[in-house]
Amino acid sequence: MNIVSTEAKFMDVIRERHSVRYYDPSFKISEEELRQMLEEATLAPSSSNLQPWRFLVITDPTDKERLKPIAYGQQQVADASAVIAVFGDLDSWQQTEKIYDRNVEIGAMDEATRNRMVPRNIETYKNLPPEVARGIVLVDGGLVAMQLMLVAKAHGYDTVPMGGYDAAQFKEAFNVPDRYVQVMLIAVGKAAREAHKTSRLTVDEITAWNRF
């Protein structure tokens, strides 16, 4: 019974998540709950568990207004409770020892495995061609971004992923480090209007089996 209930709730979340562009500007999500949502989102998978995602959470009204023209005047930037910028850190390999030490501490890995994997992963990721490293953090950033939007819906909030903004201006305005690859912005808050429902292509239209 519990399994059925959990499955039903999960299906509700994925079916009810839609991109919302109109938010109640008077509604605020607490910093504590935003932190909880980010923590839950970061349970997403990542290449070699290096967790290259980084976040900039913009909640200050002045900063949101500063962001609005950079986002081509999209009103959700100002009205949503927060705008979360998602990045991929090209130097995430520098966290390898910390991450694998913690794996040992929680019993997820033995010391010998840690000692074997740490230098190998550092050498591999440190020396990746730039385009390969960028592709990896973009994939991992997309995984955590989608999970964040589902987590927000499970908390009763709505979101919209945003790629429509001037990345160069954003980098300058918000002092984004050079090693951070911009993935997307996500507005999150309480919807002021229902989202427009959208159609989906069928599985048969988008899927091949075994080979194309």
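Predicted model: local features only at pLDDT ≥ 70, side-chain atom pairs only at ≥ 80, totals over all residues.
Residues are numbered from 1 along each chain as its sequence is written, and side-chain values use heavy atoms, with hydrogens and water left out.

The protein chain contains nine helices and four strands, where helices (H or I, at least four residues) and strands (E, at least two) are DSSP runs numbered from the N terminus. Read from that end, the elements follow the order α-α-β-α-α-β-α-α-α-β-α-β-α. The C-alpha trace spans about 55 × 50 × 40 Å along its principal axes.

Of the 212 residues in the protein chain, 38% count as buried; buried means under 20% relative accessible area, exposed means over 50%, and partly exposed lies in between, with a 1.4 Å probe and protein chains only. The accessible surface of the chain comes to about 12900 Å², and carbon and sulfur atoms account for 52% of this surface, the areas being computed by the Shrake-Rupley method with a 1.4 Å probe, and with only the protein chains shown counting as cover for residues.

On a 1 Å grid over the protein atoms alone, a cavity is a set of points where a 1.4 Å probe fits but cannot get out, while a pocket is an open set with protein on both sides within 12 Å along at least five of seven lines, and lining residues have an atom within 4 Å of a point. Grid points are joined across faces, edges and corners, and a volume is the space filled by probe spheres set on the points. The largest pocket has a volume of about 340 Å³ and a lining of 13 residues, of which Gln-51, Trp-53, Lys-98, Ile-99 and Arg-102 lie nearest its centre. Strand 1 (53-58) and helix 5 (96-105) each supply at least two lining residues, and the largest share, four residues, comes from helix 5.

The search of the whole structure finds one cavity of 30 Å³ or more. Of the 13 residues that line the largest cavity, Leu-90, Ser-92, Tyr-125, Ile-136 and Val-137 are the closest to its centre. The volume of the largest cavity is about 90 Å³, and helix 7 (residues 130-154) gives the most to its lining, with four residues.

Glu-40 has its place in helix 2 (residues 31-41), and it is partly exposed because its relative accessible area is 26%. Leaving aside residues up to four places away in sequence, Glu-40 touches Gln-147, Val-151 and His-155. Glu-40 and Ala-152 are 112 residues apart in sequence, with their C-alpha atoms 9.6 Å apart in space.

Most residues other than glycine have a negative phi. Asn-175, in the loop between helix 8 (167-173) and strand 4 (180-189), has a positive phi near 55°, and it counts as exposed because its relative accessible area is 66%. Asn-210, in the segment after helix 9 (203-206), has a positive phi near 75°, and it is exposed, with a relative accessible area of 83%.

Technical notes. Contact = heavy atoms within 4.5 Å.
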